[in-house]
Amino acid sequence: MSNVSLDAHDPSEAENQPENNTRRRFLTVATSVVGGVGVVGAAVPFIASWNPSIKAKAAGADVEADISKIEPGQLIRVIWRSKPVWIARRTPELIASLADLDSQLKDPDSNEEQQPEFAKNTHRSLKEEYLVLVGICTHLGCSPQHLKGGSFEEYVEGVPEGFFCPCHGSKFDMAGRVFQNVPAGLNLVVPPYMFIDDNTILIGSEEGAA
């Protein structure tokens with residue numbers, strides 16, 4: 001019989017035990033951290049999906065427009081809800097001429113709901129001087145051209161300024177009202193808006209609206 005016995009607690013194994021335990025703990029922690037990162041990484045896109053995108057916010061946001069530098073007879077363009085919006089500063093002569101066009105227009109009194117209640121008037125605006133319109137033709141969604149200096153008379157005799165849609169020939173006066181005998185059936189849309197002060201228009205909200 002051999003006098004050699006196998007010690008169940010081999011000193012060599014005992015010496016390595018702390019190192020093995022340390023390595024085991026490290027691997028366990030590392031695995032947990034990696035797993036946690038994976039869960040967080042998966043959760044971030046999911047949580048982010050609860051929030052509206054920047055584009056979505058911008059699409060519905062009000063837009064401020066500085067009108068301080070618009071000269072009489074000029075027009076500027078801004079973008080609101082991905083749509084072009086025109087702001088024109090009309091001359092006193094042009095404002096006075098609007099009432100003379102009623103017999104040539106489809107809806108001179110703006111009976112169709114193409115504007116807020118405050119714009120249901122001859123000049124279709126809060127202030128006679130400033131016209132605010134969505135620059136999209138009510139026929140097929142093209143963008144009309146602003147013609148002035150007598151160039152609009154090529155399309156409507158005796159009317160020096162207005163909006164002409166080259167796609168299908170629709171014509172609108174400087175209140176955005178549609179002329180008769182053209183494809184478009186409705187006046188151009190007046191968006192909700194308000195004056196923050198004498199130099200700034202806020203497009204998208206109107207005074208007193210909830």
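User: How far is the sulfur of Cys 165 from the closest cysteine sulfur?
Analyst: The gap is 4.1 Å, to the sulfur in Cys 137, so it is too far for a bond. A disulfide needs a pair of cysteine sulfur atoms within 2.5 Å.

User: How many disulfides does a search of the whole structure find?
Analyst: The count is 0.

User: What are these numbers based on?
Analyst: This is a predicted model: local features need pLDDT of at least 70, side-chain atom pairs count only at pLDDT 80 or more, and totals for chains, interfaces and linings use all residues. Residues are numbered from 1 along each chain as its sequence is written, and side-chain values use heavy atoms, with hydrogens and water left out.

User: Is Cys 165 buried or exposed?
Analyst: Cys 165 is buried, at 2% relative accessibility. Buried means under 20% relative accessible area, exposed over 50%, partly exposed in between (1.4 Å probe, protein chains only). Cys 142 is buried too, at 18%.

User: New topic. Where is Lys 120?
Analyst: Lys 120 sits in the loop between helix 3 (92-97) and strand 4 (130-134). Helices (H or I, at least four residues) and strands (E, at least two) are DSSP runs, numbered from the N terminus. Lys 120 is partly exposed, at 40%.

User: What does Lys 120 touch?
Analyst: Leaving out residues up to four places away in sequence, Lys 120 touches Asp 109, Ser 110, Asn 111 and Gln 115 (heavy atoms within 4.5 Å).

User: And which backbone oxygens lie by the side chain of Gln 115?
Analyst: A polar atom of that side chain is 3.1 Å from the backbone oxygen of Ser 110. For Glu 112, the distance is 2.8 Å. Gln 115 is buried, at 12%.

Technical notes: A polar contact is a pair of N or O atoms within 3.5 Å; within protein, one must be able to donate a hydrogen and the other to accept it, and residues adjacent in sequence count only if both atoms are side-chain atoms.
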